[in-house]
Amino acid sequence: MKCVIGVLGKDRSGIVAAVSVALAECGANIDDISQTILGDMFSMTMLTTLDTEKADFNAVQEKLEGVAELGVQVTIQREDVFQFMYKI
């Protein structure tokens, strides 16, 4: 299952590492990643593939909630829902 993950918050060290570790622990793969720093704000968007036999969407979402302890907002959406939302 493909998912889009967004991360936004004040820049600090360890954000990419925390998200990557959380995804790796769920058996997810990072297919593509884009990140930038705008002033002191960190922004990252990832396209991932979840291995639903290891962890389903809800389990990955719960795991990513732990990253919020770094003071960032983390959102995850199924790619098909994401694509549908922006379809004209």
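Does M41 count as buried, partly exposed or exposed, and what is its relative accessibility? At 32% relative accessibility, M41 counts as partly exposed, where buried means under 20% relative accessible area, exposed over 50% and partly exposed in between, for a 1.4 Å probe and protein chains only. The model is predicted, so that local features need pLDDT of at least 70 and side-chain atom pairs count only at pLDDT 80 or more, whereas totals for chains, interfaces and linings use all residues. Residues are numbered from 1 along each chain as its sequence is written, and side-chain values use heavy atoms, with hydrogens and water left out.

M41 lies in strand β3, strands (E, at least two residues) and helices (H or I, at least four) being DSSP runs numbered from the N terminus. Although M41 and K10 are 31 residues apart in sequence, their C-alpha atoms are 4.5 Å apart in space. Apart from neighbours within four places in sequence, M41 is in contact (heavy atoms within 4.5 Å) with L8, G9, K10, D11 and T36. Strand β3, which spans residues 41–49, also holds T48, and T48 is buried, with a relative accessible area of 0%. When residues up to four places away in sequence are not counted, T48 touches M1, K2, C3, I5, L23, N29, I30 and D31.

Helix α1 (residues 15–25) packs with helix α2 (residues 57–65) at an angle of about 150°, their axes being 9 Å apart; axes are lines fitted to C-alpha atoms, for helices over the stretch in contact, and angles run from 0 to 180 degrees between N-to-C directions. The two helices are therefore roughly antiparallel, a term for angles over 145 degrees. In this contact, V19, A22, L23 and E25 of α1 meet V60, K63 and L64 of α2. These residues divide into 5 nonpolar, no polar and 2 charged, with Ala, Val, Leu, Ile, Met, Phe, Trp, Tyr, Cys and Pro taken as nonpolar, Asp, Glu, Lys and Arg as charged, and the others, Gly among them, as polar.

Within α2, F57, V60 and L64 are buried. They cover an arc of only 65° around the axis, which puts them on the same side of α2, the arc being that of the directions from the helix axis to the C-beta atoms. The cover over these buried residues includes β1 (2–10), α1 and β4 (72–78), while the face turned away from the buried side carries the exposed residues E62 and E65. Q61, also found in α2, is partly exposed, with a relative accessible area of 32%.

How values were computed: Parallel < 35°, antiparallel > 145°, perpendicular 65-115°, else oblique.
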